[in-house]
Amino acid sequence: SYNVPNSLFVNIKQAGDVVTHFKNKSCNPYAVVTLLGDYEVFKTKVVLDNQSPVWNETFEFALPLKFLQTTAVLVVLYNKHGENQEEFLGEIHVSLADYKHFKVIDGWYNLEDMRGEDTKF
């Protein structure tokens with residue numbers, strides 16, 4: 001018998017040209033990844049002092065196939081300052097409404113930050 005997959009895998013590869021809001025602060029980016037709805041939240045590692053971080057981290061979401069096209073992937077990019085400080089850099093929503101089963105979605109997405117500047121992600 002054929003088993004229908006019950007997982008969605010999201011791979012956060014890299015970001016480019018990350019711009020921080022504070023000129024004198026270093027860029028220590030990380031991403032928070034979830035699906036819209038009541039799903040687990042994952043974080044990538046923090047990449048220290050890098051405006052073009054590479055993560056290549058994959059996260060698995062338990063998601064029945066019938067709900068796949070009703071949600072979106074949400075990725076929020078932060079800059080880590082010290083132990084308890086973080087700076088919001090931008091976010092992206094990738095709708096899965098047009099997702100074709102078993103197809104890989106691969107591409108760059110632009111994050112809109114608070115100043116209207118784009119960061120490639």
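A residue counts as exposed when its relative accessible area is over 50%, and as buried when that area is under 20%. In the predicted model described here, Asp17 has a relative accessible area of 52% and is therefore exposed. Asp17 is found in the loop that runs between strand S1 (7–14) and S2. Its backbone carries a positive phi, near 55°, in a residue other than glycine.

Aromatic side chains were examined next. The count of aromatic pairs comes to 4. One of them joins Tyr30 and Tyr78, whose rings are stacked, with 5.6 Å from centre to centre and 25° between the planes. Because Tyr30 belongs to strand S2 (residues 29–35) and Tyr78 to strand S5 (residues 72–81), this pair ties together parts that are 48 residues apart in sequence. Tyr30 has a relative accessibility of 4% and so counts as buried. Both tyrosines also belong to one aromatic cluster, formed by Tyr30, Tyr78 and Phe88.

Phe42 and Phe61 make up another pair. Their ring centres are 5.1 Å apart and their planes stand at 80°, so the arrangement is edge-to-face. Distant parts of the chain are linked by this pair, since Phe42 sits in strand S3 (residues 42–43) and Phe61 in strand S4 (residues 54–62), 19 residues apart. With a relative accessibility of 17%, Phe42 falls under the 20% limit and counts as buried. Phe61 is likewise buried, at 2% relative accessibility.

The surroundings of Phe61 were then considered. Leaving aside neighbours within four places in sequence, Phe61 is in contact with residues including Asn6, Ser7, Leu8 and Val10. Val33, Thr34 and Leu35 are also among its contacts, as are Tyr39, Glu40 and Phe42. For Leu8, the C-alpha to C-alpha distance to Phe61 is 5.1 Å, while the two residues are 53 residues apart in sequence.

Charged side chains were treated last. Side chains of opposite charge can pair when their charged atoms come close. A search of the whole structure finds 1 salt bridge. This salt bridge is formed by Asp106 with Lys13, and the closest N and O atoms are 3.2 Å apart. The two partners lie in distant parts of the chain, 93 residues apart: Asp106 in the loop between strand S6 (85–95) and strand S7 (110–112), and Lys13 in strand S1. Asp106 has a relative accessible area of 58% and is therefore exposed. Lys13, at 40% relative accessibility, counts as partly exposed, because this value lies between the limits of 20% and 50%.

Key: Residues are numbered from 1 along each chain as its sequence is written. This is a predicted model: local features need pLDDT of at least 70, side-chain atom pairs count only at pLDDT 80 or more; totals for chains, interfaces and linings use all residues. Side-chain values use heavy atoms; hydrogens and water are left out. Rings of Phe, Tyr and Trp (its six-membered ring) pair if their centres lie within 6.5 Å; planes under 30 degrees apart count as stacked, over 60 as edge-to-face and the rest as tilted. Helices (H or I, at least four residues) and strands (E, at least two) are DSSP runs, numbered from the N terminus. Buried means under 20% relative accessible area, exposed over 50%, partly exposed in between (1.4 Å probe, protein chains only). Contact means heavy atoms within 4.5 Å. A salt bridge is a side-chain nitrogen of Lys or Arg within 4 Å of a carboxyl oxygen of Asp or Glu.
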